[in-house]
Amino acid sequence: MKTLRLTDTTLRDGSHAMRHQFTRQQVRSIAQALDRAGVPVIEVTHGDGLGGASLQYGFSHTPELELIAEARSVCERARIAALLLPGIGTRKELKAAAERGVQVIRIATQCTEADISEQHFGLTKELGLEAVGFLMMAHMRPPEVLAEQARLMESYGADCVYIVDSAGALLPDGAYARVKALKEALTIQVGFHAHNNLGLAIGNTLAALEAGVDQIDGSLRGLGAGAGNAATEVIAAVLDKMGQNPGLNVFALMDAAEYIVAPIAPYQPLPDRDALTIGYAGVYSTFLLHARRAGELYHLDPRSILVELGRRQAVAGQEDWILDVALDLARRSQDKPVPQT
Ligand SMILES: C[C@H](O)CC(=O)C(=O)O
Ligand SMILES: [Mn+2]
């Protein structure tokens, strides 16, 4: 039987929820607990990946290379992974991460832009590291398009490609179909990274499992961007009940979530109104603020603007569209005939 591989991203996706303020000691405690509980891969990086610490994405409390080294120093079995978004992270950061002991590089692009990742996969393989592709905002394209993009990453040297539900907008049938399409199109492994905006992070992870996924992600307490990720301790408990525990210590993960992560988390990620709106509309969380401003200007509920942006499949970088969409909606509402009484 093949072994499902779990990557814990508390120390990377969780960095968004921590506003990138993880300290050395926090990283040591979390990494050590995950390692002892049998988690095989631990991702440690700024939330936006290597080189993410900046005015635009938020400065880190402690440089990520130092945090990587701390995690490496306390792990006896786990491999350390780092995320890299081409354009944010460069060759320089990638090499520096490898020097600090990173063994897995996860290269993330928007799900239609795999072609920008060729050089980064090349360098990762040159350095003798494992290379994983991350197709972000994967709800925005159908399975066959994602399969094409994943094939590109495979041709660049990826050892695995992930379907990444960045907005937590997928339903279980969508998660299933996307993982299945990649399984059929690739000879390498396939992964799934869930977000909980629609309360479906665990359900979608199980759908991915049903479709034959090889690698999945979790984070303790679900600590991650927006509504957070699939909680590692919940994944462990569910897999164990299914008779498919790949060697995770369920009680140790529950304890790590309860006694190490909960006390330092600034809030518990959950599908609150904003996070749910992002999942429901299927848009970037960065659109939220712009939609609020446009809503005030045109007296519209920002949620209706976000839903329309989702319908039009707006992508990052198209923030200037938000005002146009709001104006259109405002005009349309004025065109509506006033009901006669
Ligand atoms: C940069 C993002 O946080 C990567 C990720 O985890 C996602 O898209 O989801
Ligand atoms: Mn994520």
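In this predicted model, strand 1 (residues 5–8) runs parallel to strand 8 (residues 215–218) and is joined to strand 8 by 4 bridges, where strands (E, at least two residues) and helices (H or I, at least four residues) are DSSP runs numbered from the N terminus, and two strands pair if DSSP finds at least two bridges between them. Residues are numbered from 1 along each chain as its sequence is written, while chains are lettered from A and ligands numbered from 1 in the order in which they are written. Local features need pLDDT of at least 70 and side-chain atom pairs count only at pLDDT 80 or more, whereas totals for chains, interfaces and linings use all residues.

On its other pairing, strand 1 runs parallel to strand 2 and is joined to strand 2 by 2 bridges, with V41 of strand 2 as the bridge partner of T7. These pairings belong to a barrel into which 8 strands close in the order 1-2-3-4-5-6-7-8, with parallel pairing. On average, and with direction ignored, neighbouring strands of this sheet are turned by 25° against each other, the axes being lines fitted to C-alpha atoms, for helices over the stretch in contact, and angles running from 0 to 180 degrees between N-to-C directions.

Helix 5 (residues 118–126) packs on the sheet and touches strand 3 (79–84), strand 4 (104–110) and strand 5 (130–136); contact here requires that the C-beta atoms of two residues, placed from the backbone, lie within 7 Å. The direction of helix 5 makes about 175° with that of strand 4.

Strand 3 can be followed in more detail. Strand 2 (residues 41–43) pairs with strand 3 in the parallel sense over 3 bridges, and the bridge partner of I42 in strand 3 is I80. Strand 2, helix 3 (residues 64–74) and strand 3 together make a right-handed β-α-β unit, right-handed meaning that, with the strands pointing away from the viewer, the path from the first strand over the helix to the second runs clockwise. Strand 3 also pairs with strand 4 in the parallel sense, over 4 bridges, and L84 stands opposite I107 in strand 4. From strand 3 the chain crosses through helix 4 (residues 91–99) to strand 4, and this β-α-β crossover is right-handed as well. Strand 3 is mostly covered, as 6 of its 6 residues are buried; a residue is buried if 20 or more other C-beta atoms, placed from the backbone, lie within 10 Å of its own, exposed if 12 or fewer, and partly exposed in between. R79, A81 and L83 point one way from the strand and I80, A82 and L84 the other way, and all are buried.

In soluble globular proteins, nonpolar side chains tend to be buried together. Leaving aside neighbours within four places in sequence, A208 is in contact with A175, Y176, V179, F192, V213 and I216. The C-alpha centres of the two domains lie 30 Å apart, and their contact takes 5 residues from domain 1 and 6 residues from domain 2.

Several loop residues complete the picture. D48 lies in the loop between strand 2 and helix 3 and is buried because 23 other C-beta atoms lie within 10 Å. Not counting residues up to four places away in sequence, D48 touches Y57, L85 and I88. G199, in the loop between strand 7 (189–193) and helix 8 (201–210), is partly exposed, with 14 other C-beta atoms within 10 Å.

Most residues other than glycine have a negative phi. R19, in the loop between helix 1 (13–17) and helix 2 (24–36), is not a glycine and yet has a positive phi of about 50°; R19 counts as partly exposed, with 13 C-beta neighbours inside 10 Å. R221, in the loop between strand 8 and helix 9 (232–241), is likewise not a glycine and has a positive phi of about 60°, but R221 is buried, with 24 other C-beta atoms within 10 Å.

Methods:
Domain bounds come from an automatic or database domain assignment.
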